[in-house]
Amino acid sequence: MALREGTVIMPWDIPALLELGIGEVWVRRRVRIFIVATGSELIEAKAPNEVLDAIINGKVVESTASFIGNYVRMYIPYAEVVGKSIVPDDQEAIRNAVMKALDMADIVITTGGTGPSGIDYVYEVTKSLNPRIYIRGLRMRPGRPTGLAVLGGNKVIINLSGHPISALNAMTVVVKEVIKRLAGVKVDIAEPRVMARLGRGYAG
């Protein structure tokens with residue numbers, strides 16, 4: 001056996017296949033992801049000088065959704081980001097963006113608005129779609145507000161915190177595993193991880 005089913009084909013696998021006379025293999029398509037960033041304070045900086053202008057004017061330059069897109073492109077070659085949108089803290093606007101995203105993607109990732117506040121539009125929108133399974137909040141830090149909803153037709157909505165570090169932890173622990181399941185990946189590429197021991201105690 002040259003490659004097991006569910007193996008991510010890497011550049012060094014191709015010469016082995018060719019040496020065996022295999023010029024064609026069946027593969028699965030990439031998992032499609034759409035990112036919806038929520039927050040009336042968010043703007044997208046299209047030029048370097050717009051970053052400082054945003055801060056001076058009390059705005060926040062969107063960064064978490066952009067980070068997610070870059071993470072997928074760098075570490076998850078069996079997935080692709082097919083779109084990204086920024087919407088204000090408005091339930092109707094968020095719902096419209098999520099519905100549009102579901103038409104285009106297998107997984108919709110939302111950022112922001114996932115905390116246990118009195119008004120959580122992302123939660124309300126996700127719940128209104130009548131998911132078969134909806135988990136709101138996970139026992140992990142950072143990333144506790146992470147939510148996961150499974151809809152009909154194998155569609156998935158993942159709610160992430162707008163905080164980049166929380167989103168990073170959720171991406172590595174939760175989101176990547178969900179993508180692997182949808183993609184049928186059983187043999188993934190090696191991750192750049194290093195085992196380490198803290199030099200002193202940490203109460204986090």
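**Close-up views of a predicted model**

**View 1. Thr-38 and its polar contacts.** The side chain of Thr-38 comes within 2.8 Å of the backbone oxygen of Thr-111. A polar contact here is a pair of N or O atoms within 3.5 Å; within protein, one must be able to donate a hydrogen and the other to accept it, and residues adjacent in sequence count only if both atoms are side-chain atoms. A polar atom of the Thr-38 side chain also lies 3.3 Å from the backbone oxygen of Gly-112. This is a predicted model: local features need pLDDT of at least 70, side-chain atom pairs count only at pLDDT 80 or more, and totals for chains, interfaces and linings use all residues. Residues are numbered from 1 along each chain as its sequence is written, and side-chain values use heavy atoms, with hydrogens and water left out.

View 2. Thr-38 sits in strand 1, residues 31-38. Strands (E, at least two residues) and helices (H or I, at least four) are DSSP runs, numbered from the N terminus. Thr-38 is buried, at 5% relative accessible area. Buried means under 20%, exposed over 50%, and partly exposed in between (1.4 Å probe, protein chains only). Thr-38 touches residues including Val-87, Asp-89, Ile-94 and Val-122, leaving aside residues up to four places away in sequence. Contact means heavy atoms within 4.5 Å.

**View 3. Ile-14 in helix 1.** Ile-14 belongs to helix 1, residues 13-19. Ile-14 is partly exposed, with a relative accessible area of 45%.

**View 4. The whole protein.** The protein has 6 helices and 8 strands. Of its 204 residues, 36% are buried.
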